[in-house]
Amino acid sequence: MARRSHVQTTINGETVEFLCEPRQSLLEVLRDELHLTGAKEGCNNGNCGACSVILDGRLVNSCLVLGVETEGKSVETIEGLAAPDKLHPIQDAFLENAALQCGICTPGFIMSAKALLDQNPNPTEHEVRYWLAGNLCRCTGYDKIVRAVLDAAAAE
Amino acid sequence: MPIVAIPSLLRNLTDGEESITVPGATIREVIDNLENRYPGMKARLCEEDRIKPGIAIYVNGLLTRGSLIEHVDADAEIHFLPAIGGGVADTLH
Amino acid sequence: MLENKDYKVIGTRPIRHDGVDKVTGRALYGADFQAAGLLHGRVLRSPHAHAKIISIDTSRAEALPGVKGVVTAKDLPDAGDKVADLGEGAVNLKHLCDNILASDKVLYKGHAVAAVAATNPHIAEEACTLIDVEYEVLSPVLEVRQAMEPDAPLLHEHLKTTSLGETADEPSNVASHIQHKLGDPEKGFAEADVIIEREFVTGTVHQGYIEPHNATAHYNADGQLTIWCSTQGAFTVREQVAEILQYPISKIKVVPMEIGGGFGGKISVYIKPVAAMLAKKTGKPVKVLMNRADVFEGTGPTPASFIRVKMGATKEGKLTAAQGYLAFEAGAYPGSPVGPGAMCIFAPYSIENVIIDGYDVVVNKPKTAPYRAPGAPNAAFGSETVLDEIAEHLGIDPLEIRLMNGAKEGDRRADGPVHPRIGFIETVEAAKAHPHYSAPNGKKHHGRGVASGYWFNIGLESSVTINVNADGTINLVEGSTDIGGTRASIAMQAAEVLGIPAESVNPSVVDTNSVGYTAVTGGSRTTYATGYAAYEAAQEVKRQMITRAAKLWEVDEANVQFADGEFSSINGKEEQISFRDLCARLGETGGPIVGSGTVNPGGAGGAYATHVVDVEVDEETGKVEILRYTAVQDAGKAIHPSYVEGQIQGGAVQGIGWALNEEYIYNAEGEMTNASFLDYRMPTCLDLPMIDAVIVEVPNPGHPYGVRGVGEVPIVPPMAAIANAIYDAIGVRMTELPMSPDRLLKALGKI
């Protein structure tokens with residue numbers, strides 16, 4: 001086994017330390033080392049967006065980032081989005097709009113939508129579709145997802 | 001008496017007859033009576049006292065469990081059809 | 001179009017019960033399962049599409065530090081040539097086992113040959129590269145017509161064509177031939193004024209669920225095997241694993257985790273028995289995950305096909321005869337969905353003279369698996385474009401010709417049975433009345449197309465148990481894995497019976513030891529059949545509650561009625577108590593109440609859809625853009641309309657992908673060259689407009705609330721609708737799927 005490196009990072013506002021092999025992706029670290037399984041593996045090569053997280057304010061596919069690269073950085077995952085007693089408006093909008101079916105792509109879509117609304121609080125439908133094109137959903141045909149994101153923008 | 005629709009691939013046994021009226025209160029009785037009139041029919045539909053895998057039985061338009069003990073009404077319409085292979089039924093077994 | 005006259009819960013849009021877990025990342029899917037001491041499994045797959053296995057040497061892999069166990073087909077019980085009866089038809093057990101781990105031959109690139117369990121996934125992967133397999137490479141057979149040639153290389157020496165109980169003498173790649181014949185097709189074609197005959201080719205496509213297959217297995221010292229996995233049917237997994245491992249079902253518990261999409265592709269097992277074998281060998285829990293390439297290459301897609309359709313009509317537009325020839329690629333082992341394809345191809349229409357021939361043909365590709373209305377989309381691509389061409393020849397509006405010939409209750413299907421009450425005509429009328437159909441459509445390179453589709457839907461077994469809580473809520477226990485909101489649609493049916501809000505139902509999807517037998521989430525059956533079982537269980541609860549109210553009031557049961565969530569005494573004594581208040585008094589009136597319902601309903605009721613699409617074709621690049629899409633469908637009764645719309649929209653979009661982009665691209669060696677999401681191009685949201693889902697409700701007499709399954713039929717019309725729209729735009733009839741830019745440019749004579 002390759003020698004494991006010590007990494008200190010911030011995840012959802014909390015300082016976290018972990019050991020990981022240099023070859024382990026951030027997705028593997030989140031899921032297998034830290035048991036944050038909200039980010040999903042759909043393809044492991046950056047094509048489906050199911051593992052989307054926000055790294056220092058920037059949307060990334062966590063399968064394409066190495067765990068060791070997060071040293072000193074800040075990671076936002078789906079687990080950190082809701083307040084203890086209140087969902088984030090994007091989460092509410094997904095539920096109200098029935099914007100999920102199987103739900104496997106949902107954490108990734110919500111993180112992508114958050115990254116979009118963080119920088120563009122009033123996107124057009126086309127801007128939403130353009131931004132979310134890196135997230136695949138096979139169940140919904142995207143209609144209700146796009147509506148949910150537009151609704152969340154209107155609500156925020 | 002129940003009416004049995006003869007599938008096209010079995011009509012060589014019935015001299016081309018497309019539907020046959022035969023007595024019987026269960027699928028087993030219907031098939032036995034078909035066999036009496038058209039020898040060879042039972043071997044095409046059954047093996048070891050059960051309906052062959054791959055054959056589905058519809059009674060009055062409804063898919064049955066394909067069992068020989070299935071009851072049929074006096075005016076039932078019975079179809080022997082290929083089971084839905086590869087679709088839901090086959091792989092879900 | 002949605003009516004809600006008598007219902008309080010049905011037809012409303014509550015938040016789904018599992019929603020919060022799924023938007024917060026808390027919901028646990030198969031790959032999320034963790035256990036102490038967990039080992040990680042990895043499967044070695046064949047690099048060849050067709051080869052004999054000469055030898056497998058696992059010694060170098062076993063010697064790698066961290067490797068805890070290796071299995072091959074030798075570790076499987078000897079299957080012989082037994083036909084396994086798995087409850088609903090039969091499959092050849094050797095074929096079933098060989099598809100799990102190949103014994104003597106590999107039949108497709110990606111075919112599993114061995115598996116390793118190690119302390120981490122990277123070591124397991126490394127160990128796979130250390131397994132030495134010697135192959136004798138054979139010529140692959142990669143296309144259905146090629147495979148049907150008399151001199152084609154044979155995949156299986158002993159496979160012989162069966163035709164409804166009769167078996168041919170000579171071996172062949174054609175596993176079976178089916179035929180449906182109605183009336184006198186020759187006479188029908190003789191009566192026709194116009195006859196159109198065309199040939200169609202469709203590609204291999206994958207369900208494309210985002211979650212790869214996964215399984216974790218553990219053997220206890222007492223022989224109890226537990227499998228945690230994503231599946232469309234926990235009981236089906238139990239049956240298949242029991243057959244493959246020759247292990248009693250009573251010693252197997254399957255725990256269904258949340259499932260990340262299936263569309264039919266998560267019914268067959270692949271790595272679940274492998275995880276069990278590795279767990280047995282190592283004595284540790286073993287988790288096996290597929291990667292995306294494994295999913296494309298090692299699991300069942302839906303088949304490529306060759307289809308010939310001939311239809312005839314009088315000059316007034318009456319269809320007089322139809323002929324269909326369907327040859328489907330089963331993949332490596334028999335069992336393509338040619339049966340349902342043949343059953344559905346002309347099912348929207350009432351035609352007196354029909355002949356349909358179907359062939360199930362093995363080729364060196366993964367064994368096909370169900371995919372949403374399996375077989376019907378391939379078939380409808382042919383029949384619905386030929387019908388469009390007939391309408392064009394006769395100068396009749398394409399929806400009008402569908403109304404003229406549309407199947408109605410009492411009409412006979414080509415395969416024999418007569419239609420019960422169906423809603424095909426209603427879908428066509430709704431499409432015709434929709435503003436989309438009358439919107440202007442005259443721009444250059446813009447076109448509009450329509451097509452319809454049929455899927456028969458299935459019933460099968462479901463079980464539901466309801467436990468009544470003292471606070472007026474109920475816990476609903478079910479065995480149907482929730483793939484798209486069925487916890488809600490099933491809970492709502494129980495809530496309706498008991499006069500309580502949907503939120504007062506706590507639905508749980510449980511393991512195979514904890515609920516009665518329940519067939520898969522598939523065949524558009526879950527809201528129909530498990531909903532029916534929930535209805536029955538709730539009725540049982542209601543009956544018991546009436547007994548308690550009667551006891552409480554010291555009246556005869558016949559004098560207690562239940563309406564709008566209130567029990568009341570009639571005939572004399574004036575008493576009233578709500579469902580909720582009576583729940584609080586169960587202890588004093590006799591103890592807990594448990595209601596159960598089991599069903600195996602035969603009246604699933606077929607579903608119809610009619611779609612309208614506008615496209616723009618770029619003649620320079622061959623790209624087709626979807627401008628507007630309207631999908632009309634008969635849902636019988638939409639329990640939760642949002643999730644019905646979701647099924648319609650999702651199905652239509654999968655159809656759009658199938659129509660325009662998706663296919664397995666093979667090289668001459670039988671290797672799939674696009675086994676990634678980047679290269680197997682599924683639609684993204686940027687490729688699409690909003691999908692207008694229009695629900696029509698023609699209640700199904702085979703369900704207490706009139707439900708028809710809705711999940712599958714929306715994928716049937718899109719391919720033909722888009723082909724017809726492309727023709728309207730540029731005057732070219734497309735007969736090959738997908739209608740990708742290169743094929744379009746070829747059809748336009750540009751390349």
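Domain bounds in this tour come from an automatic or database domain assignment. Under that assignment, chain A is divided into domain 1 (5-80) and domain 2 (89-155). The structure is a predicted model, in which local features need pLDDT of at least 70 and side-chain atom pairs count only at pLDDT 80 or more, while totals for chains, interfaces and linings use all residues. Residues are numbered from 1 along each chain as its sequence is written, and chains are lettered from A, as ligands are numbered from 1, in the order in which they are written.

**Stop 1: chain A and its domains**

Select chain A and colour the two domains separately. The C-alpha centres of domain 1 of chain A and domain 2 of chain A lie 21 Å apart. Across the boundary, 13 residues of domain 1 of chain A are in contact with twelve residues of domain 2 of chain A; two residues are in contact if their C-beta atoms, placed from the backbone, lie within 7 Å. On the side of domain 1 of chain A that touches domain 2 of chain A, the largest share, three residues, comes from strand β3 (residues 52-55) of chain A. Helices (H or I, at least four residues) and strands (E, at least two) are DSSP runs, numbered from the N terminus. By class, that side of domain 1 of chain A has eight nonpolar, four polar and one charged residue. Here Ala, Val, Leu, Ile, Met, Phe, Trp, Tyr, Cys and Pro count as nonpolar, Asp, Glu, Lys and Arg as charged, and the others, Gly among them, as polar.

Now display chain A as a cartoon. Its secondary structure comes to five helices and five strands, and the pattern along the sequence is β-β-α-β-β-β-α-α-α-α. The C-alpha atoms of chain A fill a box of roughly 45 × 30 × 25 Å, taken along the principal axes. With 156 residues, a compact globule would have a radius of gyration near 15 Å, and the 16 Å of chain A agrees with this. The radius of gyration is taken over C-alpha atoms, and the globule rule is 2.2 Å times the number of residues to the power 0.38.

Buried residues make up 58% of the 156 residues in chain A. A residue is buried if 20 or more other C-beta atoms lie within 10 Å of its own, exposed if 12 or fewer, and partly exposed in between, with C-beta atoms placed from the backbone.

**Stop 2: from chain A to chain C**

Of the two pairs of chains in contact, chains A and C share the most contacts. In this interface, 44 residues of chain C are in contact with 45 residues of chain A. Select α1 (19-23) and α19 (641-660) of chain C, the elements that give two or more residues to the side of chain C that touches chain A. The largest share of that side, seven residues, comes from α19(C). The side of chain C that touches chain A divides into 21 nonpolar, 18 polar and five charged residues.

**Stop 3: inside chain C**

Chain C contains 21 helices and 30 strands. Its radius of gyration is 27 Å, close to the 27 Å that the globule rule gives for 751 residues, so chain C is as compact as a globular protein of that length. Buried residues make up 63% of the 751 residues in chain C. Among contacts in chain C between residues at least 6 apart in sequence, 80% join residues at least 24 apart.

Next, select strand β3 (residues 67-72) of chain C. Is this strand mostly covered or mostly exposed? Six of the six residues of β3(C) are buried, and the strand is mostly covered. Five bridges join β3(C) to strand β7 (residues 112-118) of chain C, and the two run antiparallel. Strands pair if DSSP finds at least two bridges between them. To see one of the bridges, select C:Gly69 and its partner in β7(C), C:Ala117.

**Stop 4: chain B**

Finally, turn to chain B. Chain A and chain B do not touch, and their nearest C-alpha atoms are 19 Å apart. Chain B has three helices and seven strands, in the order β-β-α-α-β-β-β-β-β-α from the N terminus on. Buried residues make up 42% of the 93 residues in chain B.

Select the open sheet of five strands, whose order is β2-β1-β7-β5-β6 (chain B), with mixed pairing. At the edges stand β2 (19-21) and β6 (62-63) of chain B, each with a single partner strand, so one side of each is left without a neighbour in the sheet. Within the sheet, strand β5 (residues 55-59) of chain B and strand β7 (residues 77-82) of chain B pair in the antiparallel sense over five bridges. End the tour at B:Val59, which stands opposite B:Ile78 in β7(B).
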